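Subject: Structure handover

Hello,

Here is the structure you asked to see. Please open it first, then read on.

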Amino acid sequence: MQLIATGNKAIAEAVRQVSPEVVAAYPITPQTEIVEQIAAYVSDGTLASQYIPVESEHSAMAACIGASVTGARTFTATSSHGLLYMHEMLHWAAGARVPVVMANVNRALGPGWNVWAEHSDAFSQRDTGWLQVFVSTVQEAYDTTIMAFRIAEHEDVLLPLMVNLDGFTLSHTMQPLETVVVGDFIPPLHLPHAIDVAHPRGYGPLTGPDEFFRFRWDIERSMRDARKVILDVEADFGKRFGRQYGPIEEYRCEDADILLIAMGTFGKEAEVAVDDLRREGIKAGSLRVRWFRPFPVLDLSGRDVVVIDRGYSFGFGGVLTRSIQATTKAEPFSVIAGLGGQEVTYRDMAGFVRNRRPGEEEWFGVNTIV
Amino acid sequence: MYEIRIHSRGGQGGVTAARLLADAAFRGGKYATASPFYGAERRGAPVVSFVRIDDRPIKVYSQIQHPDMVVVLDPSIMEAVDIFQGLKSEGEILLNSSHPITFEGYRTHCVDLTGIAIARTLVVAGSPVVNTPLLGALAKVGIISLDAARAAIRGMFSDNRNVQAAEDAYGELVL
């Protein structure tokens with residue numbers, strides 16, 4: 001079906017398609033539309049989920065974990081401070097190996113109080129053992145939310161998964177959307193360690209150092225295995241529904257001398273900057289990092305790299321920039337831009353490329369190059 | 001790409017107007033995006049929404065710098081906001097006004113959306129609903145078809161007076 005919808009509505013539609021048994025959620029700007037829409041679907045009978053209204057995000061995640069441990073498929077959505085309030089439970093979900101799927105509408109963290117897009121909320125949870133993916137269009141938000149369940153629930157993964165979309169910029173922007181009928185693309189969830197009263201087991205007991213260490217290695221092993229599962233699921237999605245996805249999205253990169261690397265909606269608008277630069281004779285390409293955990297394997301050799309970072313590790317550097325430096329030999333020009341919803345246009349992005357200074361960092365609008 | 005900036009006041013339905021317009025353009029076979037700029041949400045505050053219409057998928061999310069058309073749902077907003085900012089030299093202005101207003105250098109269309117809403121008793125929480133008649137005016141100007149406007153309105157509102165109000169605006173706006 002063809003329609004026009006916001007990013008938030010697209011996520012709710014995807015959830016309705018996959019039909020999780022349990023949704024537990026707490027509203028927060030700019031995510032509220034997702035859980036409102038899901039609640040409306042449950043209320044009008046078009047979604048047969050148990051909807052658990054809770055008093056906080058911490059409880060939302062705790063309820064999802066509890067439901068997941070019984071073998072139920074679960075979903076929640078949050079943003080910003082709501083995500084941070086879940087922090088303890090995020091570690092718990094990964095450690096308990098439950099495939100909770102969550103939409104996180106990326107928003108800055110206060111103070112100063114700010115409701116606009118930034119990636120710091122998700123970045124601050126990057127070491128919790130969750131898979132993280134960042135989307136750039138309404139269609140991609142929808143498609144990725146559907147794929148998220150199959151990836152997270154795969155027997156080689158069994159880890160929670162966070163679908164990130166930029167607050168307002170994508171959550172509240174209407175774009176064309178083609179919905180699908182998932183059919184057997186999403187098989188029934190089989191959780192091997194689900195509670196079974198016929199075969200009682202202990203959950204969350206005191207765990208000694210040796211076993212604990214092995215559990216942690218097992219998370220990392222699954223995170224590595226997730227790379228192949230992601231590729232397989234994305235390939236099957238492409239075969240069935242005709243839309244291709246991967247760990248990264250490349251635009252005019254084949255013969256590019258300079259790569260503009262970004263995440264989320266910046267990574268889509270960067271393609272317009274690339275077209276403008278190409279018309280000037282600058283051989284630029286756009287590389288959008290879609291999967292953030294597991295972090296993609298990038299080959300940037302022989303190219304100049306400009307990274308637009310929408311999240312910062314104070315005293316260290318741009319989170320995406322440092323991730324790229326840690327995994328490649330690139331010496332990027334790191335542009336910190338868009339924090340707290342700062343307006344950044346494709347014209348600005350083209351300027352970052354024209355005025356690049358490899359190895360240096362610029363805070364856009366604060367110490368702008370003339 | 002055709003770019004439209006809508007100026008309104010919080011509570012006036014400017015965001016919904018942008019969504020209706022994008023929906024109607026989409027029903028007319030175009031690619032369209034509607035992206036409201038949200039500030040501190042409060043009734044009466046100036047609000048701006050953006051609509052882009054194109055024959056190709058639209059990749060731009062940033063605010064519209066050089067609109068082809070500016071829509072003003074409350075002309076008193078011009079005392080607080082520069083509605084001409086970045087407007088293309090050949091750009092057009094569509095005003096919700098009961099009396100004709102002209103701006104030198106710009107094609108300006110005036111239609112009394114508030115009057116139409118009141119005549120159709122489309123008033124919600126004390127505010128006349130101007131966004132559904134606006135769709136009729138935009139159809140008259142040629143941005144969308146009247147059929148697409150009707151379909152988009154019916155997709156969002158069950159009360160047929162909204163469609164009638166759009167038809168009223170279509171009939172009243174003189175080009």
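This is a predicted model: local features need pLDDT of at least 70, side-chain atom pairs count only at pLDDT 80 or more; totals for chains, interfaces and linings use all residues.

**Domains of chain A**

Start with the domain assignment. In chain A, domain 1 covers 2–241 and domain 2 covers 248–363. Their centres, taken over C-alpha atoms, are separated by 27 Å. The two domains touch: 26 residues of domain 1 of chain A are in contact with 18 residues of domain 2 of chain A. On the domain 1 side, four elements of chain A each supply at least two residues: helix 6 (120–123), strand 6 (131–134), strand 7 (161–166) and helix 8 (209–241). Helix 8 of chain A gives the most, with five residues. By class, this side of domain 1 of chain A has twelve nonpolar, nine polar and five charged residues.

**A helix pair in chain A**

Next, look at helix 1 (residues 7–18) and helix 7 (residues 138–153) of chain A. Their axes come within 8 Å and cross at roughly 30°. An angle under 35 degrees counts as roughly parallel, so helix 1 and helix 7 of chain A are roughly parallel to each other. Their crossing is right-handed. Which residues make the contact? Helix 1 of chain A contributes Gly7(A), Ala10(A), Ile11(A), Glu13(A), Ala14(A), Val15(A), Gln17(A) and Val18(A). Helix 7 of chain A contributes Val138(A), Ala141(A), Tyr142(A), Thr145(A), Ile146(A) and Phe149(A). The residues of this contact divide into ten nonpolar, three polar and one charged.

An α-helix has 3.6 residues a turn, so residues three or four places apart point the same way.

**A helix in chain B**

Now turn to helix 4 of chain B, residues 146–156. Its buried residues are Ala148(B), Ala149(B), Arg150(B), Ala152(B) and Ile153(B). What covers the buried residues of helix 4 of chain B? The cover includes helix 1 (14–27), helix 3 (131–141) and helix 5 (161–172) of chain B.

**Where the chains touch**

Last, the chain contact. Here 17 residues of chain B are in contact with 17 residues of chain A. On the chain B side, helix 1 and strand 2 (31–37) of chain B are the elements that give two or more residues. Strand 2 of chain B gives the most, with six residues. By class, the side of chain B that touches chain A has nine nonpolar, five polar and three charged residues.

Best wishes

Conventions. Residues are numbered from 1 along each chain as its sequence is written. Chains are lettered from A and ligands numbered from 1 in the order in which they are written. A residue is buried if 20 or more other C-beta atoms lie within 10 Å of its own, exposed if 12 or fewer, and partly exposed in between; C-beta atoms are placed from the backbone. Two residues are in contact if their C-beta atoms, placed from the backbone, lie within 7 Å. Axes are lines fitted to C-alpha atoms, for helices over the stretch in contact, and angles run from 0 to 180 degrees between N-to-C directions. Angles under 35 degrees count as roughly parallel, over 145 as roughly antiparallel, 65 to 115 as roughly perpendicular and the rest as oblique. A crossing is left-handed if the near helix is turned anticlockwise from the far one by less than a right angle, and right-handed if clockwise. Ala, Val, Leu, Ile, Met, Phe, Trp, Tyr, Cys and Pro count as nonpolar, Asp, Glu, Lys and Arg as charged, and the others, Gly among them, as polar. Domain bounds come from an automatic or database domain assignment.
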